[in-house]
Amino acid sequence: MSATSPTTSPETVWPVPRGVTGIVLFSCWLAILADGYDIGVIGAVLPALAEDSAWALSPVELGGLASWALVGMLIGALFIGTLSDRVGRKRMLLVSMSIFTTMQLGAALAPTPELFGLFRFLGGLGMGGVIPVAAALTIEFSAPRRRSLNYGIMYSGYSLGIVVSALVAMGLLPHLGWRWVIAVGAFPILLLPIIAKVLPESLESLENRGLHDRAVAQATRLGIDPYIPAPRPEVMPGERMPWHSILQQLFSRRYLRSTVFLWISLFAGLLLVYGLNSWLPSIMRAAGYDLGPALTFLMVFSLASAAGGLVLGHLADRFGSKPVLIIFYTLGGVACLLMMFPNSMFVNLVFVAISGVGSISTSLVLTAYITDYYPASVRATAAGWALSFARIGAIMGPMVGGWLAAMAVGVEWNFVAFAIVALLAAVAVSLVPKKPAALV
């Protein structure tokens, strides 16, 4: 078989059939859809948890409860992302889904807040692992000129998962309570056999494990012709890449400045995403809206980000990720700030939609940018470590909302705080150096 790497080929000889790319996108989309539901469900049920007299949680305790899954995601993204480059991306995607779907059932049945937090933490291990692995698979099997768009298509499942959580909450909360809303998150375990059957293993991870013959055989089955593995100057062909060689590239002189500012920008981006996602319904209730309209804000926030991800992905492929990230993080911050004024519901829905695009959509383009920025052999590791650091920001997001609620400083300060965070993300992106020429 002649060969050109599917990750390094010139656009004119891109070898991966569209059908293979479509299967990978669909499989990763399903995984991210389930992940998005499990992330969004805590924001959807938070108002009901606040009113649960059996647990009698304070705003700070509610914020902490919302953060337990994010602590698990920090650890999951760090270790599962790195393991996937060593033991197989497909395998770790399936393991991650198994973990977070089963733990949702445990959270739904938890008799105490402490056990609820424990199950959410354990589920977070799987939720954190899904994103870097799905990111690496999507980038690997996508043509260079469509990587950001395909990533946006794949990651739209995240926003749609949040929408589904809001819809399920609107339908089930009044009649069955918050436990049933969380239990619905266990149903995606039924998707595992389908994904296991149709999703191909990553050729990059096979090469990382020294399984060159197996990678060539799979490329033949998939119709990837020509195929040449991505260059791995650290090892000889057919040898397993040491884990420290994978990790050292992130902090080498070539990438250190990029790693620092990419991590800062994603830290701020995820603080914005999870802060708004967890507290938006509660903030809008505090602003005078009933539960139904307050959940509508969460639904619009997520729907806009799903559509925005496709638009921003297309713009990033056409004009470059960096200017798109700077512009839309800034617009998201401005929209957050404008929500502090006494606007009509329609105007606030518009600002919420822009905030969704300027937080979730922009952060997904940033994750794709990070995944594609580094060499093919470290894609999942690079995304996993960046996401793990950023999870500290994600953990702080719900807690910031809880602190502000406990301080009783006024709803408007929530919007001011999140606007400042969006501006920080824009500034950090602007300081990222241009991608090394040899890897463009």
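Modeller: pLDDT is the predictor's confidence in each residue, from 0 to 100. This is a predicted model, so local features need pLDDT of at least 70 and side-chain atom pairs count only at pLDDT 80 or more, while totals for chains, interfaces and linings use all residues. Residues are numbered from 1 along each chain as its sequence is written, and side-chain values use heavy atoms, leaving out hydrogens and water.

Colleague: What pLDDT does the protein average?

Modeller: The average is 79, and 83% of the residues score at least 70. Over residues 1-5 the pLDDT is below 50. That stretch still has 23 contacts (heavy atoms within 4.5 Å) beyond near neighbours in sequence.

Colleague: Why is the pair Arg89 and Glu140 called a salt bridge?

Modeller: The term asks for a side-chain nitrogen of Lys or Arg within 4 Å of a carboxyl oxygen of Asp or Glu. Here the closest N and O atoms are 3.1 Å apart, so the pair qualifies.

Colleague: What does this pair tie together?

Modeller: Arg89 lies in helix α3 (residues 89-109) and Glu140 in helix α4 (residues 113-140). Helices here are DSSP runs of H or I, at least four residues. The pair therefore ties together parts 51 residues apart in sequence.

Colleague: What makes Arg89 buried?

Modeller: Buried means under 20% relative accessible area (1.4 Å probe, protein chains only). Arg89 has 0% relative accessibility, so the residue counts as buried. Glu140 is also at 0% and buried.

Colleague: How do you know that Glu204 and Arg89 meet in a salt bridge?

Modeller: Their N to O distance is 2.7 Å, so the pair meets the cut-off. Arg89, Glu140 and Glu204 are linked in a network of salt bridges.

Technical notes. Helices (H or I, at least four residues) and strands (E, at least two) are DSSP runs, numbered from the N terminus. Buried means under 20% relative accessible area, exposed over 50%, partly exposed in between (1.4 Å probe, protein chains only).
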